[in-house]
Amino acid sequence: MNVAYILNNTTATNGDTKAFLNLLQGVIGRGIHPFVIMPDKKGIYHELERNSKVRIKTFNYRTCAYPRLRTAIDRLYFVPKLLARIIVNWKASRQLATYLKENAIDIVHTNVGVVRIGFNAAQRNGIPHIYHIREYSSEIGIHYFPAKTSFLHQLDDNKSYSICITKAIQRYYQQAGKRKQSRVIYDGVFSKRDDMPESQEKNYFLFAGRIQPAKGLDQLLMAYKLYSDKEAHPLCLKIAGSIVDENYSKKQTKFVEEHRLSGKVEFMGNRDDIADLMRKARALVVASPLEGFGFCMPEAQQQGCLVIARNTGGTKEQLDNALDIAGQEIALRYESTEQLAGLLSEVANHPLAFYGKYIQKAFTVVNQLYTTENHVDKVCEFYHDILSDKNH
């Protein structure tokens, strides 16, 4: 089976890229021959270039969404940018359609919901297409072109299928109950691990995610201020992640400076030692206002790290899944800034053993639900079901 994977970006630290690489590693050797389509030759391009079992190709394309309006310059160039994006994607769709035909591709699998060239090329060639939907679009500032309804129509087109990374996202895109066309398959975050890493010194709180509004760092900083104001010796807060939104990042830095938190809050930038940082953290805070899945939450829990999670979106679904399976919470939930500040204080002032049941049960649950083995099994099953569909 020849499967073409269409990526949105090549950044190795992004959750969608991590999930794709885990999937790619798993499908090789299962009778699937992967062809990976990328928008540039950065990031993971060079890693995949060295893999003899993967064929790669780059095209110039963009997301099928309106350009963002962050600055006056953005507004000035909005129309030219939009027109350029339409032209570039139209050209890439035609080039990709030829490439799919030349390589006898059986299925096109687009790794996100905001890239359309794979769908257009697959429709042109009359082959099945899968959207792997990971985002809430307009809820986090992504606006489909020309409208969200056009994307919903694509999901219901002939030979169109979807993989949703949570039940909530499947409902959001009106695909619930359409098992023939749509499946909920949780991301494969890691290979199954039998033993939890040994506990290490845990003397800081950790935020791990891109610096952008969708990750909720602003709320965490406000909560951290409330917490540190009441503590004589507050634990420091380490922030690990690349800057995606410069204006947003500057606002958070200014907040830290204005409230005299500079000696307590450390902006670490992009890191390649996140697992080690998680093992040594007193707790990881997942503050996203509407996380699609929340990749870093199970990552931390497999490292034996306590998690404080905002009770919304994909993080809420993970917590609810665990409650159904284990009959107990595996992380500390919060909904307001004040609640988060209170949890920071509680976690800082209790011995780590106080949360031992949370940590151990979380480790057990995530190794049951979010392994790469489980993810690959379900995706491959979906591929075979699609190709065995008598209508195709």
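**Loop geometry, a helix pair and a pocket**

Ala104 is found in the loop that runs between α4 (78-102) and β4 (107-110). In this predicted model, Ala104 has a positive phi of about 50°, although the residue is not a glycine. Phe145 and Pro146 are joined by a cis peptide bond, with omega at about -5°.

Two packed helices are described by the angle between their axes and the distance between the axes. The axes of helix α8 (residues 217-230) and helix α13 (residues 337-349) come within 8 Å and cross at roughly 55°. Angles of 65 to 115 degrees count as roughly perpendicular and those under 35 degrees as roughly parallel; α8 and α13 are therefore oblique to each other. Their crossing is right-handed. On the α8 side, the contact involves Gln219, Leu220, Met222, Ala223, Tyr224, Leu226 and Tyr227, which meet Thr337, Leu340, Ala341, Leu344, Ser345 and Ala348 in α13. By class, this contact has 10 nonpolar and three polar residues, and no charged residues.

The second largest pocket holds about 270 Å³ of space. Its lining is formed by 14 residues, of which Lys18, Leu21, Asn22, Gln25 and Glu47 lie nearest the centre of the pocket. Helix α1 (residues 15-27) supplies the largest share of this lining, with five residues. By class, the lining of the pocket has six nonpolar, five polar and three charged residues.

Key: Residues numbered from 1 in each chain as written. Predicted model: local features only at pLDDT ≥ 70, side-chain atom pairs only at ≥ 80, totals over all residues. Heavy atoms only, no water. Axes fitted to C-alpha atoms, helices over the stretch in contact; angles between N-to-C directions. Helix = DSSP H or I, 4+ residues; strand = E, 2+ residues; numbered from the N terminus. Parallel < 35°, antiparallel > 145°, perpendicular 65-115°, else oblique. Left-handed = near helix turned anticlockwise from the far one by under 90°. Contact = heavy atoms within 4.5 Å. Nonpolar A, V, L, I, M, F, W, Y, C, P; charged D, E, K, R; others polar. 1 Å grid on protein atoms, 1.4 Å probe; cavity = no way out; pocket = protein on both sides within 12 Å on 5 of 7 lines; lining within 4 Å. Points joined across faces, edges and corners; volume = space filled by probe spheres on them.
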